Amino acid sequence: MANDFFGQIDPPQRLLMGPGPVNVHPRVLRAMAADMLGQFDPEMTTYMNETMALYRQVFMTQNRWTFLVDGTARAGIEAALVSLVEPGSKILIVRAGRFGLLLSEIAERIGAEICTLDLPWGEVATLEQIEEALIAHRPQVFACIHGDTSTTMAQPLDGVGALCRKYDVLSYVDATATLGGMPVATDVWGVDVITGGLQKCMGGPPGSAPITISDRAAEHIMARRHVEAGIRSGDMADGSRARIPSNYFDLAMVMDYWSEKRLNHHTEATTMLYGAREAARVMLEEGLDARFARHKAAGAAMVAGLRAMGLKVFGQDAYRMTNVTGVWIPEGVEGEPVRQQMRDDFGIEIGTAFGPLAGKIWRIGAMGYNAKKHNVLLTLGALETCLATQGYAVKRGAGVDAALATCRT
Ligand SMILES: *Cc1c(COP(=O)(O)O)cnc(C)c1O
């Protein structure tokens with residue numbers, strides 16, 4: 001007889017080679033099985049401080065304010081924007097993909113005046129274009145995406161922070177898809193606020209958003225601090241700045257929570273903190289350079305393999321993210337049956353696409369724990385068979401051979 005308490009969670013074995021989430025490093029899963037601590041337990045306080053120290057290294061920064069926003073990557077994005085951008089103030093957003101559009105959607109809800117630097121999907125902005133837009137619009141905040149998984153392009157960010165400072169503009173970057181896979185050089189870039197996630201190149205599960213905040217951005221955010229009636233005491237803002245229109249995402253309050261003050265805000269998501277801490281430990285043990293090189297090698301093998309199969313890779317080689325590759329669905333082939341056969345016959349997931357690229361490209365990732373030679377080869381081999389099933393004339397073995405060849409050089 002059927003019971004009404006369903007079965008245990010026992011997901012089918014999948015190799016997740018899409019744009020995230022990806023398979024989680026086993027050490028991260030194990031860390032997340034540890035028991036709870038009270039949120040002011042000295043051991044928990046130690047873990048929180050260690051997590052801040054670890055993420056300073058992950059973000060390549062000295063920023064004191066480097067911690068976790070509880071929630072998926074989008075929680076980090078929303079916390080950053082709602083805390084930086086005041087209603088009625090101007091924000092300049094680079095939009096060259098789905099996530100740039102997300103930034104403007106969030107800023108619109110905040111009631112900001114939105115200025116955009118719009119580019120066709122697959123392009124990136126030049127420093128000159130950014131400077132022109134800063135001069136034309138004179139915004140208070142500049143925002144862009146580092147690696148936009150919707151286009152698989154990475155926006156170059158060298159010089160962007162300095163440019164923003166020159167015009168007295170606070171800068172924000174969403175590095176969700178690159179953190180842990182490509183250098184996110186916070187201090188070198190001079191970007192004020194950067195947020196990430198765990199479920200891409202950090203090799204963790206979705207649900208935690210690491211963030212780093214420069215002192216000057218923290219000062220701006222703290223000036224918007226307010227006192228929660230009857231609960232908190234502290235420095236009241238002088239009233240000249242608009243109160244942050246969110247409680248959960250009020251980074252001034254969250255910073256008070258992560259500071260020596262340990263002012264209660266929400267309950268830190270204990271299990272996610274364990275996972276985020278371990279994901280950073282795994283990364284730093286591997287070494288940043290080795291980790292970036294591993295992603296680069298996996299991405300290069302994927303690109304070589306796809307091209308050897310006669311497929312056309314989307315976008316510009318010079319700006320390609322190393323950890324996810326867009327590939328045009330060849331003429332005469334339906335995208336979805338291929339994805340379905342990849343899943344059903346091989347247990348491999350690859351990604352679809354959004355917006356103008358929907359139905360036109362697949363997005364194939366090799367991120368975090370999955371950015372390894374054997375996963376790339378398995379994916380290429382499986383894709384070859386699925387393409388052949390669809391009647392695409394593919395030279396058997398060419399993709400895997402070409403990918404293998406890149407690993408030998
Ligand atoms: C995947 C991704 C996100 C996802 O946010 P979630 O809330 O974790 O789903 C945000 N930004 C970029 C650039 C991404 O690639």
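This is a predicted model: local features need pLDDT of at least 70, side-chain atom pairs count only at pLDDT 80 or more; totals for chains, interfaces and linings use all residues.
1. **Two helices side by side.** Start with helix H13 (residues 373-389) and helix H14 (residues 398-408), whose axes lie 8 Å apart and meet at an angle of about 160°. That angle makes H13 roughly antiparallel to H14, because angles over 145 degrees count that way. If you look at the handedness, H13 passes H14 in a right-handed crossing.

2. **What touches what.** On the H13 side, the contact is made by Lys-373, Leu-377, Leu-380, Gly-381 and Glu-384. H14 contributes Ala-398, Gly-399, Val-400, Ala-403, Leu-404 and Cys-407.

3. **A helix on the inside.** Next, find helix H9 (residues 251-258): eight of its eight residues are buried, so this helix is largely enclosed by the rest of the structure. The buried residues include Asp-256, as well as Met-253, Tyr-257 and Trp-258.

4. **What covers H9?** The cover over its buried residues includes both helices and strands. Among the helices are H2 (42-58), H3 (73-84), H8 (215-222) and H10 (270-286). The strands include E2 (65-70) and E10 (208-213).

5. **An annotated arginine.** Finally, look at Arg-363, which sits in strand E13 (residues 361-365). UniProt, in an unreviewed entry, places the feature "binding site" at this residue, Arg-363. Is Arg-363 buried or exposed? Its relative accessibility is 4%, so Arg-363 counts as buried, the cut-off being under 20%.

Methods
Residues are numbered from 1 along each chain as its sequence is written. Side-chain values use heavy atoms; hydrogens and water are left out. Axes are lines fitted to C-alpha atoms, for helices over the stretch in contact, and angles run from 0 to 180 degrees between N-to-C directions. Helices (H or I, at least four residues) and strands (E, at least two) are DSSP runs, numbered from the N terminus. Angles under 35 degrees count as roughly parallel, over 145 as roughly antiparallel, 65 to 115 as roughly perpendicular and the rest as oblique. A crossing is left-handed if the near helix is turned anticlockwise from the far one by less than a right angle, and right-handed if clockwise. Contact means heavy atoms within 4.5 Å. UniProt positions are given in the numbering used here, feature names are shortened, and annotations may be inferred rather than shown by experiment. Buried means under 20% relative accessible area, exposed over 50%, partly exposed in between (1.4 Å probe, protein chains only).
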